[in-house]
Amino acid sequence: MSAPEGWNPRIVVFACNWCSYAGADTAGVSRIQHQPHFRMIRVMCSGRIQPGFVLRAFEKGADGVLVSGCHIGDCHYLFGNERAVEQFEKTRAVTRILGLEDERLRLEWISAAEGARFAQVIDQFTERVRALGPSPLAREAR
Amino acid sequence: MTRAHGERLSDIAARTRAWACYDCGKCSATCPVTRIGGALSPRRTVLSTNLLHADVAVYGAEIASCLTCGACDRRCPVQVDFTGLVRALREVSHEEDAQPECPHGGALQSLMRMMARGTLQQQRLDWLGPDLHTDPAHGAVFLWTGCTVYYDAFFPEYGMRTLDVTRAAVRLLNALGQVPVVSPDEVCCGHDLLWNGDRASFEALARRNAALIQESGAEVVVAPCAECARTLRLDYGPFLGSSPRIQHLSEYLAERLSDLPLVRETTRRVTFQDPCRLGRHLGVVDAPRSLLAAVPGLELVEMAHAGLNATCCAGGTWSACDRYAKKLQVERLKEAKATGAEILVTACPKCQIHFRCAQKDPNLGQDIAIEMQDVAQVLADAL
Ligand code: FES
């Protein structure tokens, strides 16, 4: 469905404390411009981001959810992001059955140094979600 | 306690006959959670409701740990509807946002509530193969598939294959010459949300499903899941009226046993787990047994607690899962093993999920390892 005039997507970004949240900070201190239509939720490690978190965001009307963490091998709890992948795949499997478009949900690894990459991921994801329009769940929830 | 609370609780007490309690304590003596040391005493909950003590009856840990298995209801000499009481109290605590976090981070409840919105086109029928004959909209028999497609996707780590139960159900109905309705628009029956206290979402789901069933022209809705069968039969009255007939798959098949070509011999020995929703809630204990007896060569050995006395799988409504639930599951699996059976047969996909989870305990391993199948699978294998 096409988005109403002047509509901006509502995006939830889950970010781990040690890499991707710090990556967002790097983007900030480097004054890299990026799309601002997201709310960030910081967790200690991406392994914490269980399906319930993501599903609740969609239930409450998020148009897109981005799950982010340290690159594989860099997790500060060793294998937390490997667990994050498992949780993400499980989430994707059920959102697919539910009928939500795949592009509303994304997993990205962003290190603390990758400020520019953070901005790029946010911009790309925001544009993708913008193109999809409001989430079918947000239409009623709003 | 506010005045509103007082009125609410006394109304609930009247509706569920809690007022009739004369404090004999049989409920607490029967309750599996109480027996194992959990945070529940049905008697205390009943008396607290009668005394309008919302701190215990609404905000306490007790109502969340009740399995709503109905064991106490059966023994109560004055017919207090304890499971009904717990359901009503959970509605109050849900409205006040006073409930503990649901297991699995509330993911399953979120899924159900999103289905209730009705703004999504689900992709729920990928499991249908060319060998399974179904109709997406119209037919005399409506096969209620439930949430098995979601469970298999959500619990890959348990090797969940609850969809095999659904497939077996289609094969059995096909063997009887039926082409059942399997709808792409079915949504969760709402059982868990209703028992978690979220009546508004339950009603939204029920309205959608009732319309779907009515448009199908079905004479009977057949559910392989005990919870769905219970909900459609006992809770869909206001939405569905008195028709069509609602049956658990085992009831439907038991009435047509002579038409079912069960030819393949087996030498296996099985035991049967009565789901609480099928046995105590719906009073159906003979139908699944008559099906098992009809499989050539199959031997059924009963557990120490069977039929209306069966211990439940301790996880039915996704409302609480704790060490007491685990302990009950382990006990039950040991009871199943003690029969010498090779297969634990159930008639509800949820029983399988909860027992399989308990079997992940690395310390118990072989003590509780037993193959599990649904009665529909056992029967379909004999075709
Ligand atoms: S700490 Fe960043 S993913 Fe584990």
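In the predicted model, B:Ala223 stands opposite B:His248 of strand E3 in chain B. Strand E2 of chain B (residues 220–223) runs parallel to E3(B) and is joined to E3(B) by four bridges. Strands, like helices, are numbered from the N terminus and are DSSP runs (E, at least two residues, for strands; H or I, at least four, for helices). The two strands belong to an open sheet of three strands in chain B, with the order E1-E2-E3 and parallel pairing; pairing requires that DSSP finds at least two bridges between two strands. The edges are held by strand E1 (141–143) and strand E3 (245–248) of chain B, each of which has a single partner strand, so one side of each lacks a neighbour in the sheet. From one strand to the next, the twist averages 25°. Helix H14 of chain B (residues 226–234) packs on the sheet and touches E2 and E3 of chain B, its direction making about 160° with that of E3(B). Contact denotes heavy atoms within 4.5 Å. Axes are lines fitted to C-alpha atoms, for helices over the stretch in contact, and angles between N-to-C directions run from 0 to 180 degrees.

Residues are numbered from 1 along each chain as its sequence is written, and chains are lettered from A and ligands numbered from 1 in the order in which they are written. As the model is predicted, local features need pLDDT of at least 70 and side-chain atom pairs count only at pLDDT 80 or more, while totals for chains, interfaces and linings use all residues; side-chain values use heavy atoms, with hydrogens and water left out.

Some backbone features lie in loops. The peptide bond from B:Ser243 to B:Pro244 is cis, with omega near 0°, and B:Pro244 is placed in the loop between helix H15 (237–240) and E3 of chain B. In the loop between helix H1 (3–15) and helix H2 (26–30) of chain B lies B:Arg17, a residue other than glycine with a positive phi, near 65°. B:Asp23 is also placed in the loop between H1 and H2 of chain B, and its phi is likewise positive, near 65°. B:Arg17 is partly exposed at a relative accessible area of 40%, and B:Asp23 is partly exposed at 42%. Buried means under 20% relative accessible area, exposed over 50%, and partly exposed in between, with a 1.4 Å probe and protein chains only.

Helix H20 of chain B (residues 349–358) is mostly covered, nine of its 10 residues being buried. Among the buried residues are B:Pro349, B:Lys350, B:Ile353, B:Phe355 and B:Ala358.

Pockets and cavities were located on a 1 Å grid over the protein atoms alone: a cavity is a set of points where a 1.4 Å probe fits but cannot get out, a pocket is an open set with protein on both sides within 12 Å along at least five of seven lines, and lining residues have an atom within 4 Å of a point. Grid points are joined across faces, edges and corners, and a volume is the space filled by probe spheres set on the points.

The largest pocket has a volume of about 420 Å³. Its lining consists of 16 residues, with B:His94, B:Asp97, B:Gln99, B:Cys102 and B:Arg113 nearest the centre. Helix H2 (51–59) of chain A and helix H9 (107–117) of chain B are the elements that give two or more residues to this lining; the largest share, three residues, comes from H9(B). By residue class, the lining of the largest pocket comprises three nonpolar, six polar and seven charged residues. Ala, Val, Leu, Ile, Met, Phe, Trp, Tyr, Cys and Pro count as nonpolar, Asp, Glu, Lys and Arg as charged, and the others, Gly among them, as polar.

The second largest pocket, of about 260 Å³, is lined by 18 residues, and B:Thr30, B:Ala71, B:His305, B:Asn309 and B:Thr311 lie nearest its centre. H7(B) supplies the largest share of this lining, three residues. The lining of the second largest pocket divides into eight nonpolar, four polar and six charged residues.

Nine cavities of 30 Å³ or more are present in the structure. The largest cavity has a volume of about 150 Å³ and is lined by 17 residues, of which B:Cys21, B:Cys24, B:Cys27, B:Cys76 and B:Val80 lie nearest its centre. Its lining divides into 12 nonpolar, one polar and four charged residues.
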